[in-house]
Amino acid sequence: MLGIVAAVLFFLAFLINAADIGTNDVFSSVNVMLLGLTALALHVARIGSGWASRSRR
């Protein structure tokens with residue numbers, strides 16, 4: 001799930017950068033890219049990847 005979020009954030013950062021869209025400091029392409037990297041790091045660390053199956057003993 002977070003991998004998809006990261007891909008969307010990277011795409012938004014690309015669009016902001018490629019189209020030279022003037023945004024405020026919060027939604028600059030670098031900040032959106034850093035949010036994407038954070039989501040990707042959490043995905044790789046398997047945090048927020050969905051339900052974990054638990055074995056019963």
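Setting aside neighbours within four places in sequence, Ile21 is in contact with Leu15 and Ile16 (contact means heavy atoms within 4.5 Å). Ile21 sits in the loop between helix 1 and helix 2, and with a relative accessible area of 45% it is partly exposed, a label for values between buried (under 20%) and exposed (over 50%), using a 1.4 Å probe and protein chains only.

All of this comes from a predicted model, where local features need pLDDT of at least 70, side-chain atom pairs count only at pLDDT 80 or more, and totals for chains, interfaces and linings use all residues. Residues are numbered from 1 along each chain as its sequence is written, and side-chain values use heavy atoms, with hydrogens and water left out.

As for the fold, the protein comes to two helices and zero strands (DSSP runs, H or I of at least four residues for helices and E of at least two for strands, numbered from the N terminus). The axes of helix 1 (residues 2-18) and helix 2 (residues 29-44) come within 8 Å and cross at roughly 165 degrees; axes are lines fitted to C-alpha atoms over the stretch in contact, with angles from 0 to 180 degrees between N-to-C directions. The two helices are therefore roughly antiparallel, the term for angles over 145 degrees. Among the residues making the contact are Leu9 and Phe10 of helix 1 and Met33 and His43 of helix 2. The contact residues divide into 15 nonpolar, five polar and no charged.

Overall, 16% of the 57 residues count as buried.

Technical notes:
Parallel < 35°, antiparallel > 145°, perpendicular 65-115°, else oblique. Nonpolar A, V, L, I, M, F, W, Y, C, P; charged D, E, K, R; others polar.
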